[in-house]
Amino acid sequence: MAGEPQDDCLFCKIVDGSIPATIVRETETTVAFRDINPQAPTHVLVIPKAHHRDAAALAAAAPELAADVLRETQAVADEEKLESYRIIFNTGSGAGQTVWHAHAHVLGGRGLEWPPG
């Protein structure tokens, strides 16, 4: 069920503390932690504590929580002193989503070319 922790979800296990992560920020509704395979000098994931399969499902089921995630991306960028940064939500395997728990990537600290990918 949407919003409920999933036993087989890596990010749900990070939220509940059973899998360690380098947490950089935490709020009542979100957790932000360093990516274990960084693609830029700063690469932080911001996730809702509630489980939603992807960004589209999160936005449809809990728009206020989606807004919390976006607010936290800004807070991460501020704390990391990023003048420019990119926020990425991969939605679906064809877009590169590998963990089926909505999450935003905050990337910065180097030039980010366009188009991505």
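**Strands, a helix and some rings**

Mentor: Strand E2 and strand E3 (residues 42–48) run antiparallel and are joined by five bridges. Strands here are DSSP runs of E with at least two residues, helices are runs of H or I with at least four, and both are numbered from the N terminus. Two strands pair if DSSP finds at least two bridges between them.

Trainee: And where do these coordinates and numbers come from?

Mentor: This is a predicted model, in which local features need pLDDT of at least 70 and side-chain atom pairs count only at pLDDT 80 or more, while totals for chains, interfaces and linings use all residues. Residues are numbered from 1 along each chain as its sequence is written, and side-chain values use heavy atoms, leaving out hydrogens and water.

Trainee: Got it. In what order do the strands sit in the sheet?

Mentor: The sheet is open, its five strands come in the order E1-E2-E3-E5-E4, and the pairing is antiparallel. E1 and strand E4 (85–88) are the edge strands, each pairing on one side only.

Trainee: How many residues does the hairpin from E1 to E2 go through?

Mentor: Three residues. Strand E1 (residues 23–26) pairs with E2 in the antiparallel sense over three bridges, and Glu26 stands opposite Val31 in E2.

Trainee: What about E4 and E5, how many bridges there?

Mentor: Four bridges, with E4 and strand E5 (residues 104–108) again antiparallel. Ile87 has Val106 in E5 as its bridge partner.

Trainee: Switching topic: how many aromatic pairs are there?

Mentor: Rings of Phe, Tyr and Trp (its six-membered ring) pair if their centres lie within 6.5 Å; planes under 30 degrees apart count as stacked, over 60 as edge-to-face and the rest as tilted. By that rule there is one aromatic pair. The ring centres of Phe11 and Phe33 are 5.4 Å apart and the planes stand at 75 degrees, so this pair is edge-to-face.

Trainee: Which parts does the pair tie together?

Mentor: Phe11 lies in helix H1 (residues 10–16) and Phe33 in strand E2, so the pair ties together parts that are 22 residues apart in sequence.

Trainee: Is Phe33 buried or exposed?

Mentor: Phe33 is buried, with a relative accessible area of 3%, and Phe11 is buried too, at 4%. Buried means under 20% relative accessible area, exposed over 50%, and partly exposed in between, using a 1.4 Å probe and protein chains only. Four of the five residues of E2 (residues 30–34) are buried.
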